[in-house]
Amino acid sequence: MTCAYLGGAVGSWLGMRAYGHLGWLGVCALVAALTAAALARHRDATRRTAGRLRRTAPPGSGTTEPIMAARAAATSHEETS
């Protein structure tokens, strides 16, 4: 919670300073810059964790394949009876 309050206070202060110097154009530029910084940080964090979340087994070797085969066999058996 402390970080949320500090972030809000700093954001308000920066917005006030931007408005005081450049008006609404300054506020819009500040928001654009902060958004770009947040996007860059998110993309960097996503790239670092993407390697850890990748599958190690090849596609099709999951645990659902035997279940799907059993369902297909049961369905084809029911259709022929």
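**Labels and their cut-offs**

Author: Of the 81 residues in the chain, 7% are buried, where buried means under 20% relative accessible area, exposed over 50% and partly exposed in between (1.4 Å probe, protein chains only). This is a predicted model, in which local features need pLDDT of at least 70 and side-chain atom pairs count only at pLDDT 80 or more, while totals for chains, interfaces and linings use all residues. Residues are numbered from 1 along each chain as its sequence is written, and side-chain values use heavy atoms, with hydrogens and water left out.

Reader: Why is Trp24 called exposed?

Author: Trp24 has 59% relative accessibility, and exposed means over 50%, so the label applies.

Reader: Why does Tyr19 count as partly exposed?

Author: The relative accessibility of Tyr19 is 46%, which lies between 20% and 50%, so Tyr19 is partly exposed.

Reader: What makes Tyr19 and Trp24 an aromatic pair?

Author: Rings of Phe, Tyr and Trp (its six-membered ring) pair if their centres lie within 6.5 Å; planes under 30 degrees apart count as stacked, over 60 as edge-to-face and the rest as tilted. The count by this rule is 1 aromatic pair. The centres of Tyr19 and Trp24 are 5.2 Å apart with 65° between the planes, so the pair is edge-to-face.

Reader: How do you know that the span of helix H1 agrees with its length?

Author: The expected span is 1.5 Å times one less than the number of residues. Helix H1 (residues 2–22) has 21 residues and should span 30 Å; its end C-alpha atoms are 30 Å apart, so the two agree.

Key
Helix = DSSP H or I, 4+ residues; strand = E, 2+ residues; numbered from the N terminus.
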